[in-house]
Amino acid sequence: MKRSIVFGLPFIVLFIAAGAFRPLRAQNSNATLIQNATILTITHGTIEHGSILIQDGKIAAVGTASEVKAPPDAAVIDATGQYVMPGIVDCHSHIAVDGSVNEGSVSVSSMARIPDVLNPEDPDIYRDLAGGVTTANILHGSANPIGGQTVVIKLRWGKPASKLPFQGALPGIKFALGENPKRTNFQPPPGVPPRYPATRLGVEGVIRQAFIEAREYKRQWDDYNARKAAGEQNLIPPRRDEKLEPLVEVLEGKRYVHAHCYRADEILMLIRVANEFGFKVRTFQHVLEGYKIAPEILASGAGASTFSDWWAYKMEAFDAIPYNAALMTERGVVVSINSDDAEEARHLNQEAAKSMKYGGLSPNDALKLVTINPAIQLGIDKRVGSIDVGKDADLAIFNRDPLSVYAVVQKTLIDGQVYFDRQRDIAQRASLEKEKQALLDKEKQASEEKKSDAEKAGKKPDKKKKPKSAAVAADAVAGGAR
């Protein structure tokens with residue numbers, strides 16, 4: 001898993017920033033009209049000089065200016081010369097998590113829940129909005145053959161953690177194969193024994209044993225519920241096991257499996273294990289050798305969420321090629337391009353565009369890699385991923401064709417509200433700089449007063465490690481838009 005640096009932010013700076021960039025509300029909270037735009041619907045072509053009517057957070061109408069009629073008091077966004085596309089869906093992200101994403105102490109950590117540690121104040125939410133991302137699948141890391149429970153969120157910057165989850169999206173669970181879960185890249189501290197597994201065959205063994213236990217656990221509960229429904233009295237229910245309950249949901253088709261993987265042999269291994277226990281892998285994540293076994297992935301019913309052109313950064317990635325996404329797409333696999341990285345998520349539109357060079361995908365098929373395809377993989381395509389009447393008004397407005405390297409997001413809307421506005425962002429940078437300087441002055445003054453007090457008392461000043469500079473924190477907030 002590729003990790004990005006996330007700056008620790010003092011609470012006061014983050015609080016100010018959340019207020020400064022809270023979503024804009026339309027003059028008429030029920031209606032907004034985006035007009036004069038080139039609309040990239042993804043599912044039914046491109047509309048030149050088109051309009052989108054948004055009502056109550058949903059797309060109410062899409063078409064040419066003459067076809068779309070808006071209430072007279074609707075808020076108007078003039079997108080002349082600009083492009084509107086569906087909000088980008090990132091199928092593999094680690095933003096908005098409080099603390100480490102890995103519970104590396106055990107091999108099966110299915111009891112650990114990402115929804116419980118969502119951090120709505122992570123500035124990467126705002127930064128990714130500045131790249132047109134509106135939805136992200138938040139996953140655990142890849143330290144465990146079976147990791148924790150995942151959650152799909154909407155990037156509602158300024159909202160509390162309880163408002164981030166995508167309502168109605170099926171929950172998921174993270175699996176991992178290969179180098180990371182067998183701990184090739186990790187040495188335990190002195191005196192700490194190595195954690196099992198340490199081989200690829202051990203990884204398979206851990207997954208198989210977990211599902212043997214989950215199948216038996218399910219049988220016990222099914223038997224208990226059947227006897228209870230039949231009216232049997234004085235029954236003692238089976239002991240609850242929070243590690244096994246998510247795996248039972250996988251067996252019942254109520255929880256999606258997203259599996260970190262690279263090599264063709266390990267992908268085939270997990271397909272065989274899934275067939276043995278009667279569940280489906282929803283997506284193979286990264287899947288850098290997917291092009292070698294695309295027919296097998298298609299036959300299994302899984303999707304593939306890959307990188308655009310990352311390869312050779314570790315042994316497992318040596319056979320990766322930038323044609324991977326296009327080759328799997330040509331063979332019928334539902335493919336998406338993901339970020340796995342907060343910075344990468346800011347230009348997923350450009351990552352998708354690379355598939356036009358490496359594999360010759362059409363512009364529309366390239367955009368599908370970051371819109372409707374990841375929405376299908378997450379089971380939310382009836383709500384997002386294309387510009388269709390009835391879907392959520394999650395949209396990104398670019399100043400140029402989104403597949404251009406010169407394209408910059410101007411506005412990002414979620415549920416019809418503007419959560420990122422580039423012009424507003426630029427206009428507020430001066431005030432943020434002023435607030436940053438005020439914080440720096442306070443920090444300097446406090447430090448000088450502490451030093452003075454220590455000298456008066458005849459003590460040496462405290463030389464403990466200083467907290468991270470407010471300048472770093474304020475710069476992190478102010479740098480939200482490229």
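This is a predicted model: local features need pLDDT of at least 70, side-chain atom pairs count only at pLDDT 80 or more; totals for chains, interfaces and linings use all residues.
In helix H8, the residues Leu348, Asn349, Gln350, Glu351, Ala352, Ala353 and Ser355 are buried, where buried means that under 20% of the relative accessible area remains. H8 runs over residues 348–357, and with seven of its ten residues buried it is mostly covered. What do the buried residues of H8 pack against? Their partners are strand S6 (88–93), strand S13 (335–337), helix H9 (363–368) and strand S14 (395–398). After the helix comes Gly359, a residue whose phi is positive, near 125°.

Two of those partners, S6 and S13, lead us to a sheet. Eight strands make up this open sheet, in the order S6-S7-S8-S9-S10-S11-S12-S13, and their pairing is mixed. S6 and S13 stand at its edges, and because each has a single partner strand, one side of each is left without a neighbour in the sheet. On average, and with direction ignored, neighbouring strands of the sheet are turned by 25° against each other.

In soluble globular proteins, nonpolar side chains tend to be buried together. Here the largest nonpolar core has 84 residues, of which Phe175, Phe211, Phe279 and Phe284 touch the most other members. Helix H5, covering residues 264–277, gives the most to this core, with eight residues. Apart from this core lies another, of 17 residues, which includes Ile39, Ile47, Ile52 and Leu395.

Phe284 deserves a separate look. When residues up to four places away in sequence are not counted, Phe284 touches Ala259, Cys261, Ile267, Leu270, Ile271, Ile297, Ser300, Ala302, Gly303, Ala304 and Ser305.

Of its 482 residues, 52% are buried. How much of the contact between residues with a separation of 6 or more comes from residues 24 or more positions apart? Such residues account for 71% of those contacts. The accessible surface of the chain comes to about 21700 Å², and 53% of that surface belongs to carbon and sulfur atoms.

How values were computed: Residues are numbered from 1 along each chain as its sequence is written. Side-chain values use heavy atoms; hydrogens and water are left out. Buried means under 20% relative accessible area, exposed over 50%, partly exposed in between (1.4 Å probe, protein chains only). Helices (H or I, at least four residues) and strands (E, at least two) are DSSP runs, numbered from the N terminus. Contact means heavy atoms within 4.5 Å. A nonpolar core is a set of buried Ala, Val, Leu, Ile, Met, Phe, Trp, Tyr and Cys residues joined through side-chain atoms within 4.5 Å. Two strands pair if DSSP finds at least two bridges between them. Axes are lines fitted to C-alpha atoms, for helices over the stretch in contact, and angles run from 0 to 180 degrees between N-to-C directions. Accessible areas come from the Shrake-Rupley method with a 1.4 Å probe; for residues, only the protein chains shown count as cover.
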